[in-house]
Amino acid sequence: MQRVDICGRNSQMRGNRWDDHYARRARKEHRLARSVYKLEEMDRKFRLIRPALRVLDLGCYPGSWSQYALMRVGPKGYVLGVDQMRPDRLEAPNFAFFQADILHWDPSQLTDRWGPVDVVLSDLAPKTTGNRSTDAARSMQLCRKALEVATSALRKGGDFLCKIFEGEESVAFRQEAGLLFRRTRLFKPAAVRKGSREIYLIGWGKRSA
Ligand SMILES: C[S@@+](CC[C@H](N)C(=O)[O-])C[C@H]1O[C@@H](n2cnc3c(N)ncnc32)[C@H](O)[C@@H]1O
């Protein structure tokens, strides 16, 4: 039996509080996590991931976003994933994985070898402590790092999608992202759990190389 935890990962038990419609659907459709339905909805709406693109997926474990992106970019594109945990159920010739703590990761390791990417996705989420302000601060630290990575690894005109948690800091973060992208918007996909403050920021058209 399988279970889906806060990152949407399938593990080994049913009938727990994370086992909802999307988790059951993910098992049935052989997706690596329920969070894929958030990306799928945003991609259908905003057309972010297209054939032959180069996609960087930050916080990629267990791999459902990378799995989806691989399907969308096809054999002429590629997907690069970064996480502390290796997505061991994901293998593809056009998928490369960097195991790292993103907060200490230098994206030039990636751009030196692969060149700039067309899309940066970030579904990074810290381990929660239960303390609202600590969790919000850790999450914002990951968001700022994702924006920093986008600043250096994304090509001019490239797009950005980043999980954030609604709060005071999220307004400031959108303003920071607005300096780098021509247009930004916030969007909450249907698969976000009820009561969660999780929301996604989309940035279109990076202004400079
Ligand atoms: C919500 S899960 C991502 C789920 C993924 N998008 C999917 O659909 O399979 C968040 C991920 O962020 C990663 N993460 C959190 N902090 C990190 C850090 N400092 N460095 C690297 N990865 C981190 C976690 O290991 C976790 O796998």
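Strand β3 (residues 54-58) and strand β6 (residues 117-122) pair in the parallel sense over four bridges; strands pair if DSSP finds at least two bridges between them. The model is predicted: local features need pLDDT of at least 70, side-chain atom pairs count only at pLDDT 80 or more, and totals for chains, interfaces and linings use all residues. Residues are numbered from 1 along each chain as its sequence is written. The protein has six helices and nine strands, taken as DSSP runs numbered from the N terminus (helices: H or I, at least four residues; strands: E, at least two).

**Sheet**

- In β6, S122 is the bridge partner of L58.
- An open sheet of mixed pairing is formed by seven strands in the order β5-β4-β3-β6-β7-β9-β8.
- The edges are held by β5 (95-99) and β8 (181-187), each with a single partner strand, so one side of each is left without a neighbour in the sheet.
- On average, neighbouring strands of this sheet are turned by 15° against each other, direction ignored; axes are lines fitted to C-alpha atoms.

**Helices**

- Helix α6 (residues 168-180) lies across β7 (154-165), β8 and β9 (198-206), and runs at about 150° to β8, where angles run from 0 to 180 degrees between N-to-C directions and helix axes are fitted over the stretch in contact.
- Y22, A23 and A26 are buried in helix α1 (residues 21-28), a residue being buried if 20 or more other C-beta atoms, placed from the backbone, lie within 10 Å of its own, exposed if 12 or fewer, and partly exposed in between.
- These three residues lie on the same side of α1 because they cover an arc of only 100° around the axis, taken from the directions from the helix axis to the C-beta atoms.
- H21 and K28 are exposed on the other side of α1.
- H30 follows α1 and has a positive phi, near 55°.

**Overall form**

- The C-alpha trace spans about 50 × 40 × 30 Å along its principal axes.
- Of the 209 residues, 41% are buried.
- Among contacts (C-beta atoms, placed from the backbone, within 7 Å) between residues at least 6 apart in sequence, 59% join residues at least 24 apart.

**Confidence**

- The average pLDDT is 91, and 91% of the residues score at least 70; pLDDT is the predictor's confidence in each residue, from 0 to 100.
- Residues 1-6 have a pLDDT below 50, and this stretch has 27 contacts in the model beyond near neighbours in sequence.

Key. Contact = placed C-beta atoms within 7 Å.
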